[in-house]
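I opened the model and kept notes on what I looked up. The entries follow in the order I made them.

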Amino acid sequence: MWQARVRFYGHIMTTQHMHLVQPSAAADGIESISTVIVGGGQAGLVMGYYLRQAGEQFVILDAELRIGDVWRHRWDSLKLFSFPKYSSLPGWPMQVSSFPSHNEMADYLEAYAQRFDLPVRSGVRATRVSRSGSGFRVETSHGVLQCNRVVIATGGYNRPVVPPFATELAPGIRQLHSSAYQNPSQLAGTVVVVGAGNSGAEIALEAVTSGHQTWLSGRHPGQVPYRIETRRAKLLVPIVMFAFRRVLNLDTPLGRKFARQAIEHGTPLVRTKQSDLDAAGVQRVGRIAGVRDGLPITEDDQVLEPQTVVWCTGYRPDYSWIELPVADEDGHPITERGVSPAAGLYFIGVEFQYAVASSTIQGLDQDARYLMRAMARQPSGQPAVMRERAAA
């Protein structure tokens, strides 16, 4: 899949200040505005920060009722993996002393938007984006916008995924996706956590420590070889973060290899280690291959009898509401570092948009600044020239 993504090659220009255009409404009530950002999470706010610095007139559409709500909806014990320095957005460092909780991150995003007076329209969902002349028509839950540019900042984690055979599980087995998990009070009896990545490992550990017999299904994806809470981590993290932005990217053979491995096998465990799971009593089992007589079975034909199944099986992007040919056969956007071949359309916050860091908070600054340069060199209505990237 990653080899099917395409790339536009062009020289980098210095960011130019854009002409400030006041919004206006046509006779039919359609509001005209220069740039619309769809998505009011960290990616949309970073893009908004740079557009504000450049003097651009724009709005940010956020489907949530309150800025930061995507983080507030995460499970109760969730903490970020990165120190505050690497969880902060450009222009204003986060004012916490340790790894931010999900609520601290949410409140920070809300305060960030207020601090820089970013024009976020909360509770407004974009339902359709289509071409209108050389610009775009953005239909929303609260009216229609006409604009020259659209930046899609919804990320690649829009649609929770569960395997088709989930519907074959016995009706008495409670099922929930990790996106709906809040705390162990939602769990009943023995628990199978399907998916052994970071979310799966953390939820399995929480389940077993709260008294539930717990199985963790899936291949071990490897783990970061140090504890992120230690003094050693403080020395190593700057090196790792530099590599994630500058070395492991789609311009380097090593980065393209890492991208392929991450897509095929998942990212390594960060906070929760295999030794933590073993010590707590989490039982490892093979990948869930199907259902027999209403019960999940593993690839080595082991039958499990859980009362609860937690699907930590990831997400897929959903750009079906964009009525332009912007995605590949797997649903991932076709871009060069976020620049779509559809003139005036951009993406930010996408997994491996350019580097390992692209879908994380600490990678947004780099990608947003690139998009600003791309906007300055691509006049409205002029398509980007795309060609396939050479294989690693």
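**Entry 1: ground rules.** I noted that this is a predicted model, where local features need pLDDT of at least 70, side-chain atom pairs count only at pLDDT 80 or more, and totals for chains, interfaces and linings use all residues. Residues are numbered from 1 along each chain as its sequence is written, and side-chain values use heavy atoms, with hydrogens and water left out.

**Entry 2: helix α1 and its partners.** I took helices (H or I, at least four residues) and strands (E, at least two) as DSSP runs, numbered from the N terminus. I looked up helix α1 (residues 42–53) against helix α9 (residues 361–377): the axes are 9 Å apart and the packing angle is about 45°. Axes here are lines fitted to C-alpha atoms, for helices over the stretch in contact, and angles run from 0 to 180 degrees between N-to-C directions. I therefore wrote down α1 and α9 as oblique to each other. The scheme counts angles under 35 degrees as roughly parallel, over 145 as roughly antiparallel, 65 to 115 as roughly perpendicular and the rest as oblique.

Next I looked up α1 with helix α4 (residues 102–115), where the axes come within 11 Å and cross at roughly 20°. That makes α1 roughly parallel to α4. For handedness, I recorded that α1 passes α9 in a right-handed crossing and passes α4 in a left-handed one. A crossing is left-handed if the near helix is turned anticlockwise from the far one by less than a right angle, and right-handed if clockwise.

**Entry 3: salt bridges.** Side chains of opposite charge can pair when their charged atoms come close. The cut-off for a salt bridge is a side-chain nitrogen of Lys or Arg within 4 Å of a carboxyl oxygen of Asp or Glu. How many salt bridges does the structure hold? I found 16.

One of them joins R121 and E31, at 2.8 Å from N to O. R121 is in strand β5 (residues 120–122) and E31 in strand β3 (residues 31–38), 90 residues apart, so I noted a link between distant parts of the chain.

I then checked accessibility, where buried means under 20% relative accessible area, exposed over 50%, and partly exposed in between (1.4 Å probe, protein chains only). R121 counts as partly exposed because its value is 30%, while E31 counts as buried at 18%.

I also looked up D107 and R72, whose side chains meet in a salt bridge at 3.0 Å, N to O. D107 lies in helix α4 and R72 in helix α2 (residues 69–72), so this pair ties together parts 35 residues apart in sequence. D107 is partly exposed at 39%, and R72 is buried at 16%. R66, D69, R72, D107 and E110 are linked in a network of salt bridges.

**Entry 4: a nonpolar patch.** I found that F242, V247 and L254 form a nonpolar patch on the surface, with about 270 Å² of accessible area together. Accessible areas come from the Shrake-Rupley method with a 1.4 Å probe; for residues, only the protein chains shown count as cover. Patches take residues with over 30% relative accessible area and no salt bridge, joining like charges within 9 Å and nonpolar side chains (Val, Leu, Ile, Met, Phe, Trp, Tyr) within 5 Å. V247 lies in helix α6 (residues 231–247) and is partly exposed at 31%.

**Entry 5: a contact across the chain.** V161 sits in the loop between β9 (159–160) and β10 (174–177). Is V161 buried or exposed? V161 counts as buried, at 17% relative accessibility. V161 and G314 are 153 residues apart in sequence, yet 5.7 Å apart in space, C-alpha to C-alpha.
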